Amino acid sequence: MKKIIFLLVGILVISTSAMAKDYQYISAAELQKRIETNKQGLLLDIQVEDEFSEHHIDNAVATYAYPVKSDQDKQKLQGVVEQAKASMEPVTIICPRGGGGAKRTYDYLKEQGVPESRLLILEGGQAEWPY
């Protein structure tokens, strides 16, 4: 019986790891270095309008798409999708805390044909941007 339980737990762990998705992140310090050398690429901010007005990174493109759950939210990203696809630069996604909204944006951009190799999420989002 212990062997069966151990086997089932092992299968569950393997299944869960296979389903886990990896995302590429960039630290605030690394993004700041890129900004200082004008190598930041596209800074895509998905914060709601009030939060963006209160605080955002200079030159970030406001989309107000947060939480990027509905088709209406995703529609707010369309102009940026075309811009990202037409470029070869990195795309850094900035959301309030660098969590679910950023991941949904990352997945959406990838589905729309933006290469995953160019997609980044700002660690901790705008909430942890110290600059």
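In what sense do β2 and strand β4 (residues 91–94) pair, and over how many bridges?

Modeller: Happy to! A word on the ground rules: this is a predicted model, where local features need pLDDT of at least 70 and side-chain atom pairs count only at pLDDT 80 or more, while totals for chains, interfaces and linings use all residues. Residues are numbered from 1 along each chain as its sequence is written, and side-chain values use heavy atoms, with hydrogens and water left out.

Now to your strands: β2 and β4 pair in the parallel sense over 4 bridges, where two strands pair if DSSP finds at least two bridges between them. Leu42 stands opposite Val91 in β4. β2 also pairs with strand β3 (residues 61–62), again in the parallel sense, over 2 bridges, and there the bridge partner of Leu44 is Val61. As for the element names, helices (H or I, at least four residues) and strands (E, at least two) are DSSP runs, numbered from the N terminus.

Between β2 and β3 comes helix α3 (residues 49–54), and the three make a right-handed β-α-β unit. Right-handed here means that, with the strands pointing away from the viewer, the path from the first strand over the helix to the second runs clockwise.

Strand β2 (residues 42–45) is covered on both faces: Leu42 and Leu44 are buried on one side, Leu43 and Asp45 on the other. Buried means under 20% relative accessible area, exposed over 50%, and partly exposed in between, with a 1.4 Å probe and protein chains only.

Leaving aside residues up to four places away in sequence, Leu44 touches Val61, Thr63, Leu77, Val80, Val91, Thr92, Ile93, Ile94, Thr105 and Leu109; contact means heavy atoms within 4.5 Å. In the largest nonpolar core, which has 20 residues, Leu44, Ile46, Leu77, Val91 and Leu109 touch the most other members. Such a core is a set of buried Ala, Val, Leu, Ile, Met, Phe, Trp, Tyr and Cys residues joined through side-chain atoms within 4.5 Å. β2, α5 (78–86), β4, α6 and β5 (119–122) each supply at least two residues of this core, and α6 gives the most, with 4 residues. Apart from this core lies another, of 11 residues, including Ala28, Leu31, Phe52 and Leu120.
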